[in-house]
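Subject: Structure handover

Hi,

Here is the structure I promised to send over. Please open it beside this note; my findings follow.

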Amino acid sequence: MKLIQILKLAVIPILTVLSFVSTSNTALADYLTSEGSGGNYRYELWSSDDNNYYYLKVWLYEATTESDPYPTTVTFTSSREALIYFDCNFAEKNLPECSQ
C-alpha cells in the first residue's frame, strides 16, 4: 500500500511538469492566420504567437502545400501589409498601395 502512495506522489508531479513543458512549446509556435489566392498564386499568411510579425508562404496555384513555397524573406508588422505585398507582387493587382 505504501508503494502505491509513493508512486502517486512521484508520478503526479512528474506528469504536471511534463504537461507544462509540452504546453509552453505549443504556445510558442507560429500559427496559420489565413489563406487565399490571386492570379496564378496562392498563399498562407502566418503569424508569430505574439502577433509581432507576419510572413507569407506563396505557391503557384497548382502546387501542393507539401512543395517548397517561393522564398519570401520579408516579414511584416501587420496582416494587412503582408496581404498588400501579396496582391502587388504575386496577384498583380493594380492597387494604390502598389505604387508606394
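Of the chain's 100 residues, 22% count as buried (buried is under 20% relative accessible area, exposed over 50%, partly exposed in between; 1.4 Å probe, protein chains only).

Before you read on: this is a predicted model, in which local features need pLDDT of at least 70 and side-chain atom pairs count only at pLDDT 80 or more, while totals for chains, interfaces and linings use all residues. Residues are numbered from 1 along each chain as its sequence is written, and side-chain values use heavy atoms, with hydrogens and water left out.

**Fold.** The chain has two helices and three strands. Their order along the sequence is α-β-β-β-α. These elements are DSSP runs, numbered from the N terminus: helices are H or I with at least four residues, strands E with at least two.

**Core.** The largest nonpolar core has 11 residues, among them Y41, L56, F76, F86 and F90. Strands β2 (41-47) and β3 (54-60) and helix α2 (79-89) each give two or more residues to this core. Such a core is a set of buried Ala, Val, Leu, Ile, Met, Phe, Trp, Tyr and Cys residues joined through side-chain atoms within 4.5 Å.

Look at F86. F86 is buried, at 0% relative accessible area. Beyond its neighbours within four places in sequence, F86 is in contact with S37, G38, Y41, R42, Y43, L56, V58 and A91 (contact means heavy atoms within 4.5 Å).

**Rings.** The whole structure holds eight aromatic pairs. Rings of Phe, Tyr and Trp (its six-membered ring) pair if their centres lie within 6.5 Å; planes under 30 degrees apart are stacked, over 60 edge-to-face, the rest tilted. Y85 and F90 are edge-to-face, because their planes stand at 65°, with centres 6.4 Å apart. F86 and F90 are stacked, 5.8 Å centre to centre and 20° between the planes. F90 is buried at 13%, whereas Y85 is partly exposed at 26%. Ring pairs link Y41, Y43, Y70, F76, Y85, F86 and F90 into a cluster.

**Disulfide.** There is one disulfide (cysteine sulfur atoms within 2.5 Å). The disulfide joins C88 to C98, S to S 2.0 Å. C88 lies in helix α2 and C98 in the segment after α2, so the link ties together parts 10 residues apart in sequence. The link is left-handed, with -90° about the S-S bond. C88 is partly exposed at 22% relative accessibility, and C98 is partly exposed at 27%.

Best wishes
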